[in-house]
Amino acid sequence: MIEVEVGAATLACLVDGPERGPVILCAHGFPDCARSFRAQTAPLVARGFRVVAPYLRGYAPSTPARDGRYDAAALGADLCALAAHFSTEKVRLIGHDWGAIAAYAATALAPARFSHLCTLAVPHLRACAPRFLRPSQLRKSWYMGLFQLRGLAERRLAEDDFALVERLWRDWSPGFTPPQGELAAIKRSIAAPDHLSAVLGYYRALLSPAAIFGESRRLLFRRTSVPALYLHGEDDGCVGVELSNGSETAYSSGVRVHRIPSCGHFLHQERPDEVNRLLLGFLA
């Protein structure tokens, strides 16, 4: 594990592959951690890539943000800093869930830093943002309202050994059970009180002035100029697959969109062979 100072946080990164190999930066979501991409690492390394998977700010063993920021602009800046740290060349970028949001922001901040963008499970907000207000999606997003309640949300998330984390995994990826020990690793990453509040800070930042009016909104609504791949599970219980319709309009250099049947939100863990085939076909 390598620790990198990115300004407002110290990010712990899992690193594998040849030191001089082209870098692939993998950003996880919630409730998850850097181990999210364990099924992608070996196939990518076998193709000569150096895979860097950071624990995002607030997820232990990375530190909470010293500036208290968890908005998309701050997350994107972290990925840009990691890209600059690990490579002088352009970097390939993969993001799932919140990692996808961070990736959209990063490629808007510094498009010349990235050669490829692959996002999973959260479509480009330029194309889909209004659809998050549809009743069917609002029902899926009920937890976002809970997470706005400071103190109560922390208690509710932590109670009964983080039973809510297990519920979200069941709801978001129906029929999928993560390997033994993975949920325990996620719980350890968010269990400390300051980390728990940090993780919830991502959702609270959605209602911040920066998200509604400021830099984060501008970055997330900017058309992506980096060649892109987008993947979405058709049975996603967190973000409905219908939100991915029309995603192509948000990219100026083209995007390949694949919807994977019989697959939920954590598609890269549920269907690793299919996801890896699509990733390698695009990234290589």
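**Exercise 1.** Is aspartate 160 buried or exposed?

*Solution.* The structure is a predicted model, in which local features need pLDDT of at least 70, side-chain atom pairs count only at pLDDT 80 or more, and totals for chains, interfaces and linings use all residues. Residues are numbered from 1 along each chain as its sequence is written, and side-chain values use heavy atoms, with hydrogens and water left out. Buried means under 20% relative accessible area, exposed means over 50%, and partly exposed lies in between, for a 1.4 Å probe and protein chains only. Aspartate 160 has a relative accessible area of 63% and is therefore exposed. It belongs to helix 7, residues 152-172, where helices (H or I, at least four residues) and strands (E, at least two) are DSSP runs numbered from the N terminus. The phi angle of aspartate 160 is near 55°, a positive value in a residue other than glycine.

**Exercise 2.** Locate aspartate 97 and classify its accessibility.

*Solution.* Begin with the location: aspartate 97 sits in the loop between strand 5 (91-96) and helix 3 (98-109). Its phi is near 60°, again positive in a residue other than glycine. With a relative accessibility of 5%, aspartate 97 counts as buried.

**Exercise 3.** Find where the cis peptide bonds from phenylalanine 30 to proline 31 and from alanine 60 to proline 61 are placed.

*Solution.* For the bond from phenylalanine 30 to proline 31, omega is near -15°, and proline 31 is placed in the loop between strand 3 (23-27) and helix 1 (38-46). For the bond from alanine 60 to proline 61, omega is near 15°, and proline 61 is placed in the loop between strand 4 (50-54) and helix 2 (72-86).

**Exercise 4.** Describe the largest nonpolar core and the surroundings of leucine 79.

*Solution.* A nonpolar core is a set of buried Ala, Val, Leu, Ile, Met, Phe, Trp, Tyr and Cys residues joined through side-chain atoms within 4.5 Å. The largest one holds 101 residues, of which Phe30, Leu79, Leu82, Ile94 and Phe147 touch the most other members. Helix 3 gives the most to this core, with nine residues. Contact means heavy atoms within 4.5 Å, and, not counting residues up to four places away in sequence, leucine 79 touches Leu25, Ala27, Leu56, Leu93, Ala102, Ala103, Ala106 and Phe114. In soluble globular proteins, nonpolar side chains tend to be buried together.

**Exercise 5.** Characterise the overall dimensions and the burial of the chain.

*Solution.* The radius of gyration is taken over C-alpha atoms, and the globule rule is 2.2 Å times the number of residues to the power 0.38. For 284 residues a compact globule would have a value near 19 Å, and the 17 Å of the chain agrees with this. The C-alpha atoms fill a box of roughly 45 × 40 × 40 Å along the principal axes. Buried residues make up 58% of the 284 residues, and the chain contains 13 helices and eight strands. Of the contacts with a separation of 6 or more, 77% join residues 24 or more positions apart.
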